[in-house]
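Thanks for coming. I will go through one model today, starting with single residues and ending with the whole chain.

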Amino acid sequence: MFSLWIKLIISFSLAFFVSWVAFKREFLTKSGAVATFFLAVVIFYYGGIKWSIPVLMFFLPSSFLSKLNNSKRSGFQNIFEKAGSRDFWQVSANGGAGGILVLVNHFIPSETWFYLYVAYLSIMSADTWATELGTLKSRKTYNVLTFRPVEQGISGGVSLFGIFASLAGSSVVVLSALPWLTGNPGIIFLLIITGLLGSLIDSVLGATVQVQYKCGNCFAVTERKKHCNIETTKIKGISWFNNDWVNFSAGITGILIFYLIGKLFA
Ligand SMILES: [Zn+2]
């Protein structure tokens with residue numbers, strides 16, 4: 001009983017520390033910090049070190065990359081719906097499934113949940129690294145489906161560099177979980193590839209169903225509902241299917257594919 005209290009206090013303190021620092025350094029908005037706090041308490045308390053390390057290895061580097069990029073890419077602020085600090089829905093889209101998997105594992109313990117958890121974080125990390133590093137410098141960017149050159153930073157755009165960045169992002173998460181990935185070594189490779197696959201699914205969704213608007217003043221294609229202080233017009237996609245839904249859907253699709261391939265070779 002005593003040790004449970006200690007664990008709870010440590011989880012609360014650590015969750016508070018992480019979300020507070022992230023808020024202060026403007027990695028997160030106020031609502032993003034609140035979401036991160038609750039998510040972190042759940043993961044730290046119910047997951048212990050095993051589940052906490054991979055999520056931190058996603059969260060910390062991603063935050064730094066977003067911040068690093070923020071100062072250099074002011075141009076993309078015009079395209080991205082939400083630039084820089086992450087809000088409640090972005091945090092939920094990136095980490096909510098992770099929190100759910102920790103809870104599911106608490107009530108119905110199985111190693112499978114942990115593998116799905118690492119796969120999900122691997123995708124989120126891969127996608128963040130690809131987006132942030134891929135837009136850091138000007139690079140040739142192509143539509144993921146048509147291979148036609150597109151404006152850098154636009155949803156559905158991929159670059160060769162972005163692909164390498166996404167592999168680096170997924171590797172960091174997967175390798176941090178290595179002490180607890182005791183199964184077939186092939187599964188570790190599969191987890192890393194799942195990150196890349198998920199970030200490509202993200203691009204496909206971005207190029208197809210994600211909502212995109214056009215500004216009537218400067219004619220920029222954007223994810224924003226307002227541009228140049230006027231309402232933009234929808235040019236494609238499903239109205240409510242914004243970047244958060246794209247991230248979440250890509251993550252879920254990615255872990256389902258990972259699960260099926262994993263089953264096939266297990
Ligand atoms: Zn405009």
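K137 sits in the loop between α4 and β1, the latter being residues 142–143. This is a predicted model, so everything I say is about computed coordinates. K137 is exposed, at a relative accessible area of 56%. From K137 to G153 there are 16 residues in sequence, and the C-alpha atoms are 11 Å apart in space.

The next loop, between β1 and β2 (157–158), holds F147. Is F147 buried or exposed? Its relative accessible area is 60%, so F147 is exposed. Its backbone is also worth a look: the phi of F147 is near 60 degrees, a positive value in a residue that is not glycine. As background, most residues other than glycine have a negative phi.

There is another case of this kind. F219 has a phi near 65 degrees, again positive and again in a residue other than glycine. F219 lies in the loop between β3 and β4, and F219 is exposed, with a relative accessible area of 58%.

Strand β3 covers residues 212–214 and pairs with β4 in the antiparallel sense over 2 bridges. Within that pairing, K214 stands opposite V221 of β4. The sheet they belong to is open and has 3 strands, in the order β4-β3-β7, with antiparallel pairing. Which strands are at the edges? They are β4 (221–222) and β7 (233–236), each of which pairs on one side only.

Now the metal site. Which residues donate to the zinc ion? The protein donors are SG of C215, SG of C218, ND1 of H227 and SG of C228, at 2.0 to 2.3 Å from the zinc ion. Along the chain, these donors follow the spacing C-x2-C-x8-H-C. The angles among the 4 donor atoms run from 103 to 115 degrees, and the site is tetrahedral. For reference, the ideal angle for four tetrahedral donors is 109.5 degrees.

C215 has a relative accessible area of 2%, so C215 is buried. C218 has 38% and is partly exposed, because that value falls between the 20% and 50% cut-offs.

On to the helices. Helix α5, residues 160–176, has 17 residues, and the distance from its first C-alpha to its last is 25 Å, close to the 24 Å expected at 1.5 Å a residue. The buried residues of α5 include G162, A165, S166, G169 and S170. V173 and V174 in α5 are buried as well. In general, an α-helix has 3.6 residues a turn, so residues three or four places apart point the same way.

Helix α7 has 23 residues, 243–265. How far apart should the ends of α7 be? At 1.5 Å a residue the helix should span 33 Å, and its end C-alpha atoms are 33 Å apart, so the two agree. Among the buried residues of α7 are D244, V246, N247, I255 and F258. Elements covering the buried residues of α7 include α3 (88–107), α4 (111–134) and α6 (185–208).

One contact in that region can be named. N94 lies in helix α3 and is buried, with a relative accessible area of 6%. Leaving aside neighbours within four places in sequence, N94 is in contact with F58, R86, Y120, M124 and N247. N94 and F44, in turn, are 50 residues apart in sequence and 17 Å apart in space, C-alpha to C-alpha.

Last, the chain as a whole. The protein chain has 7 helices and 7 strands. In sequence order the pattern is α-α-α-α-β-β-α-α-β-β-β-β-β-α. Buried residues are 49% of the 266 in the chain. Of the contacts between residues at least 6 apart in sequence, 71% join residues at least 24 apart.

On overall dimensions, the C-alpha atoms fill a box of roughly 65 × 45 × 30 Å along the principal axes. What radius of gyration would a compact globule with 266 residues have? The rule gives a value near 18 Å, and the protein chain has 19 Å, so the chain agrees with it.

That is all I have; I will take questions now.

How values were computed:
Residues numbered from 1 in each chain as written. Predicted model: local features only at pLDDT ≥ 70, side-chain atom pairs only at ≥ 80, totals over all residues. Heavy atoms only, no water. Donors = N, O, S within 2.8 Å, 3.2 Å for Na, K, Ca; no water. Tetrahedral: all angles 85-135°; square planar, octahedral: opposite > 155°, others 65-115°. Buried < 20%, exposed > 50% of the residue type's maximum accessible area, 1.4 Å probe, protein only. Helix = DSSP H or I, 4+ residues; strand = E, 2+ residues; numbered from the N terminus. Expected span 1.5 Å × (residues − 1). Pairing = 2+ DSSP bridges. Rg over C-alpha atoms; globule rule 2.2 N^0.38 Å. Contact = heavy atoms within 4.5 Å.
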